[in-house]
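Thank you all for coming.

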2 protein chains.
Amino acid sequence: MRSAAEAAPGFIHVPALRTLGSRFTLEGEEARYLARVVRAREREQVTASDGAGLVATLRIEQLKPALVLALESAREHPRPISARLLCGAPEGERGDWLVEKLGELGVTDFQPVESDRGRWPAGRDERWERLAVAALRQSRSAWRMAIHPATGLIDAMAAAREPVRWLADPEGEAASARSPGADSAAVAAIGPGSGFTEPERKALRGSGFEPVRLAASRLRTETAALAVAALWAASRSADGKSGAQA
Amino acid sequence: MRSAAEAAPGFIHVPALRTLGSRFTLEGEEARYLARVVRAREREQVTASDGAGLVATLRIEQLKPALVLALESAREHPRPISARLLCGAPEGERGDWLVEKLGELGVTDFQPVESDRGRWPAGRDERWERLAVAALRQSRSAWRMAIHPATGLIDAMAAAREPVRWLADPEGEAASARSPGADSAAVAAIGPGSGFTEPERKALRGSGFEPVRLAASRLRTETAALAVAALWAASRSADGKSGAQA
């Protein structure tokens, strides 16, 4: 899938980009990434994103002893249309790659949801942040997926403002008949490995979450989350290339 | 996602189902699965699929010392419309969960492709077969995904007879504008981690593979494969529930 990007410059995540000025020294993870993975050389260009809309073209002025970068140009990208997932805990160790894939497919908000039948394990925040940054690099995005702290379903529903609302449900209406369209903010709720309870489903339907079928067969939690993200990614790319690409 | 299925009986894969007669003893992996994972009890019903179209309802006559099952009814399901993926090698250890997810999403044929920029590691056949069986159980399918031996791109193209042909390509036409429809056999080619070479892309286009964009941003190999599978699963479920469900 990368053929078009091979000639593209290295891409790094610099959260403080907005405040660093026109010439700055970069340390830590992203500096190591540029040197060891990208193997960037002096005088080469590098693209940097702050994960919050700002994408800059930088020139490597010096590699050693410190990495010094000069700002050549910068551009603001509008916040993408919201694509939020309220996601119950999958079975086993499937959360990590789920975060990576959702970030890559352009989900804007990942909201782990504690529910009666599934609890998210603690202590993953730092790893998930790293995976979201890796997804931002991979997709060369201006915006990084926000990973929200795990919360109860009621709070998660209350925080979701998106008008298009899906409840992943093998008995629901076909997803292909309900595409949210490229301009609609959307949220989807995905049950944990053992499913939402009937009261939870009722609360979701009462909040306007409509049952939507993603495939002819039952899907695991993480597969359903990924299928929603893939469907939305396709419908959002129908308008042409995203402004979020560097 | 499982709420509708919680009351459903256990589901097992019995390749020899067609030849076993109306009462038989089951040993090995699936017998252990029934006893330890499903925790099935005597007199309970179990659903079995041979992964090649036959789905049967069985009754557990005896659990110990041997698992004895009696056939109550059986039904043939037509072969699903072909959904084939020619897939270059992803980076790192991403092949395993790719196989699991593609099986779950109803891909019928998984064809690993050796290409100039990516070689599949050897020695995965047995593990992949297990993952395809796990996906069959999860999706309660009549048909199991076929996993073909890795082959060169030329051979893989020659073996693909599907009329709808996609080449995953960030520069292609939007996937949402090119849905194959529920009744069309389809094949997609996904490049390895570093992408197809230009001669490979040319060969694919010459064989009718049309560049299709899956998302606004670049996707990793395994994410692209999964996105194709999710799009096809949604379009195929639009006609109503699959006949492949037990």
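Let me begin with helix α2 of chain B, whose buried residues pack against α6 of chain A together with β6, β7 (109-114), α3 (125-139), β8 (146-147) and α6 of chain B. Please keep in mind throughout that this is a predicted model. Helix α2(B) runs over residues 95-104 and is mostly covered, with eight of its ten residues buried. The buried ones are G95(B), L98(B), V99(B), E100(B), K101(B), L102(B), G103(B) and E104(B). After this helix comes G106(B), and its phi is positive, near 90°.

If we turn to chain A, we find that α2(A) is likewise mostly covered, since eight of its ten residues are buried; these are G95(A), L98(A), V99(A), E100(A), K101(A), L102(A), G103(A) and E104(A). The cover over the buried residues of α2(A) includes β6 (83-87), β7 (109-114), α3, β8 (146-147) and α6 of chain A, together with α6 of chain B. Here too a glycine follows the helix, namely G106(A), with a positive phi near 90°.

That brings me to the relation between the two chains.

Two packed helices are described by the angle between their axes and the distance between the axes. For helix α6 (residues 221-236) of chain A and helix α6 (residues 221-236) of chain B, the axes come within 9 Å and cross at roughly 90°. With angles of 65 to 115 degrees counted as roughly perpendicular, α6(A) and α6(B) are therefore roughly perpendicular to each other. In this contact, L226(A), A227(A), A230(A), L231(A), A233(A) and A234(A) meet L226(B), A227(B), A230(B), L231(B), A233(B) and A234(B). The contact of α6(A) with α6(B) has twelve nonpolar residues, with no polar and no charged ones.

Within a chain there is a further division to consider. The domain assignment of chain A gives domain 1 (3-76) and domain 2 (83-239), and the centres of these two domains, taken over C-alpha atoms, are separated by 31 Å. Their contact takes nine residues from domain 1 of chain A and eight residues from domain 2 of chain A. On the domain 1 side, β1 (10-13) and β3 (45-49) of chain A are the elements that give two or more residues, and β1(A) provides the largest share, three residues. That side of domain 1 divides into four nonpolar, five polar and no charged residues.

I will finish with some backbone details. Most residues other than glycine have a negative phi, and most peptide bonds are trans. In chain A, the peptide bond from K64(A) to P65(A) is cis, with omega near 0°, and P65(A) sits in the loop between β4 (54-62) and β5 (67-76). In chain B, a cis peptide bond joins K64(B) and P65(B), with P65(B) in the loop between β4 (54-62) and β5.

Two arginines of chain B also deserve a remark. R43(B), in the loop between α1 (29-37) and β3 (45-49), has a positive phi near 75°, and this residue counts as exposed because it has 10 C-beta neighbours inside 10 Å. R140(B), in the loop between α3 and β8 of chain B, has a positive phi near 50°, and with 19 C-beta neighbours inside 10 Å R140(B) counts as partly exposed.

Terms used. Residues numbered from 1 in each chain as written. Chains lettered and ligands numbered in written order. Predicted model: local features only at pLDDT ≥ 70, side-chain atom pairs only at ≥ 80, totals over all residues. Domains from an automatic or database assignment. Contact = placed C-beta atoms within 7 Å. Helix = DSSP H or I, 4+ residues; strand = E, 2+ residues; numbered from the N terminus. Nonpolar A, V, L, I, M, F, W, Y, C, P; charged D, E, K, R; others polar. Axes fitted to C-alpha atoms, helices over the stretch in contact; angles between N-to-C directions. Parallel < 35°, antiparallel > 145°, perpendicular 65-115°, else oblique. Buried ≥ 20, exposed ≤ 12 C-beta atoms within 10 Å, placed from the backbone.
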